[in-house]
Amino acid sequence: MLMKHTEIPQNFDWTKLEWCDQLVFAQVKRHMNKKSRTCYPSMTTLKDITGLSTTFINDSLHRLEDFGLIQITRRIGTSNLYYFPPETDQFEMFSEEFLDMKLPPKVKEYYMK
């Protein structure tokens, strides 16, 4: 059986960002279309799967965008469009089972680091 996973850049110094940014990155990227490198999960979906507030998620997305880890096309009346620039370096993989675990966000982020 093939296990689905989400790849997180291992060559990036995640200590430059806030505690929740890697978690938000992983939860958005798990929806990515591998051909187009885009996705558009709703804020409701992101809140449900991360356990974080809209404010935390939006702040995290801004930081991820500022560091070039994600590109965001903001759209009115619908979900934002997220694009992940191609990465060529080593990845850390996280299974969907891990990403779906009902752990407090700070605990899940700790394990990811």
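Buried means under 20% relative accessible area, exposed means over 50%, and partly exposed lies in between (1.4 Å probe, protein chains only). This is a predicted model in which local features need pLDDT of at least 70 and side-chain atom pairs count only at pLDDT 80 or more, while totals for chains, interfaces and linings use all residues. Residues are numbered from 1 along each chain as its sequence is written, and side-chain values use heavy atoms, with hydrogens and water left out.

**Whole chain**

Show the protein chain as a cartoon: there are 5 helices and 5 strands, in the order β-α-β-α-α-β-β-β-α-α along the sequence. Helices (H or I, at least four residues) and strands (E, at least two) are DSSP runs, numbered from the N terminus. The radius of gyration, taken over C-alpha atoms, is 13 Å, close to the 13 Å that the globule rule (2.2 Å times the number of residues to the power 0.38) gives for 113 residues, so the chain is as compact as a globular protein of that length. Along the principal axes, the C-alpha atoms fill a box of roughly 35 × 35 × 30 Å. Buried residues make up 40% of the 113 residues.

**Aromatic rings**

Select Phe12 and Trp14; both are buried. Rings of Phe, Tyr and Trp (its six-membered ring) pair if their centres lie within 6.5 Å; planes under 30 degrees apart count as stacked, over 60 as edge-to-face and the rest as tilted. The structure holds 6 such aromatic pairs. In the pair Phe12 and Trp14, the ring centres are 5.1 Å apart and the planes stand at 75°, so the pair is edge-to-face.

Leaving out residues up to four places away in sequence, Trp14 touches Ile8, Pro9, Asp21, Gln22, Phe25, Leu64, Leu69 and Lys113.

**Core and helix H1**

A nonpolar core is a set of buried Ala, Val, Leu, Ile, Met, Phe, Trp, Tyr and Cys residues joined through side-chain atoms within 4.5 Å. The largest one has 26 residues, and Trp14, Val28, Leu61, Leu64, Ile70, Tyr82 and Phe84 touch the most other members. Helices H1 (21-29), H3 (54-66) and H4 (96-100) are the elements that each give two or more residues to this core. H1 gives the most, with 5 residues.

**Salt bridges**

Which residue forms a salt bridge with Asp21? Select Arg63: the closest N and O atoms of the two are 2.8 Å apart. Asp21 lies in H1 and Arg63 in H3, so the pair ties together parts that are 42 residues apart in sequence. Asp21 counts as buried at 0% relative accessibility, whereas Arg63 counts as partly exposed at 22%.

A salt bridge here is a side-chain nitrogen of Lys or Arg within 4 Å of a carboxyl oxygen of Asp or Glu; the whole structure has 4. Next, select Arg30 and Glu96, whose side chains meet in a salt bridge (3.8 Å, N to O). Arg30 sits in the loop between H1 and strand E2 (38-39), and Glu96 in H4, 66 residues apart. Arg30 is buried, at 15% relative accessible area.

Finish with Glu65 and Arg74, another salt bridge (3.0 Å, N to O). Both ends are partly exposed, Glu65 at 24% and Arg74 at 44%.

Methods
Contact means heavy atoms within 4.5 Å.
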